[in-house]
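Open the model in your viewer and get ready to select residues.

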Amino acid sequence: MQLYVELWNAKQAWLDLSTEERQSYFDKVGSEINTLTKEGIEIVGFALNKEDTSHRSDHRYLAVWKMPTPGHVKMLEDSVSEAGWYEYFDQVNAGGELISPPDALGDMVNLT
């Protein structure tokens with residue numbers, strides 16, 4: 001199982017669109033998200049990054065996804081890119097195989 005996190009802010013190109021243009025874009029993106037979920041990609045959740053979050057990232061939005069395989073991660077990444085998302089949003093991603101807390105801590109203990 002793969003875990004994938006997106007963090008993003010709107011670019012000026014997004015802010016320059018009208019409300020109608022933004023909604024039209026999201027109508028298309030929403031349709032693509034439905035297609036991805038039918039392929040086994042799970043939306044854990046979307047959130048607004050709270051101002052009072054300790055050690056807060058400077059991103060307004062975040063999304064967390066779970067996917068069965070690295071191939072599904074590629075499917076999501078390709079879909080985001082093909083949708084022109086990066087023209088409108090400054091985004092960073094993090095992802096990897098879902099592991100147990102002891103495995104993650106063990107990796108940190110043994111880090112060289």
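Predicted model: local features only at pLDDT ≥ 70, side-chain atom pairs only at ≥ 80, totals over all residues.

Select Met 1, Leu 3 and Leu 98: together they make a nonpolar surface patch, with about 240 Å² of accessible area. Leu 3 sits in strand β1. Its relative accessibility is 30%, so Leu 3 counts as partly exposed.

Next, go inside. Nonpolar side chains tend to be buried together in soluble globular proteins. Here, the largest nonpolar core has 17 residues. Which residues have the most contacts inside it? Select Trp 65, Met 67 and Leu 76 to see them.

Zoom in on Leu 76. Setting aside neighbours within four places in sequence, Leu 76 is in contact with Tyr 4, Leu 36, Ile 41, Trp 65 and Met 67.

Now move to the loop between β2 and β3, and select Asn 49 there. Is Asn 49 buried or exposed? Asn 49 has a relative accessible area of 13%, so it is buried. Show its contacts beyond four places in sequence: Arg 56, Ser 57, His 59, Arg 60 and Leu 62.

For the last stop, select His 55, in the loop between β2 (42-48) and β3. His 55 counts as exposed because its relative accessibility is 82%. Check its backbone too. Most residues other than glycine have a negative phi. His 55 is not a glycine, yet its phi is positive, at about 55°.

Key. Residues numbered from 1 in each chain as written. Heavy atoms only, no water. Core = buried A, V, L, I, M, F, W, Y, C linked by side-chain atoms within 4.5 Å. Buried < 20%, exposed > 50% of the residue type's maximum accessible area, 1.4 Å probe, protein only. Contact = heavy atoms within 4.5 Å. Helix = DSSP H or I, 4+ residues; strand = E, 2+ residues; numbered from the N terminus. Patch = residues over 30% accessible without salt bridge, like charges linked within 9 Å, V, L, I, M, F, W, Y side chains within 5 Å. Areas by Shrake-Rupley, 256 points an atom, 1.4 Å probe, with all protein chains shown as cover. Salt bridge = Lys/Arg side-chain N within 4 Å of Asp/Glu carboxyl O.
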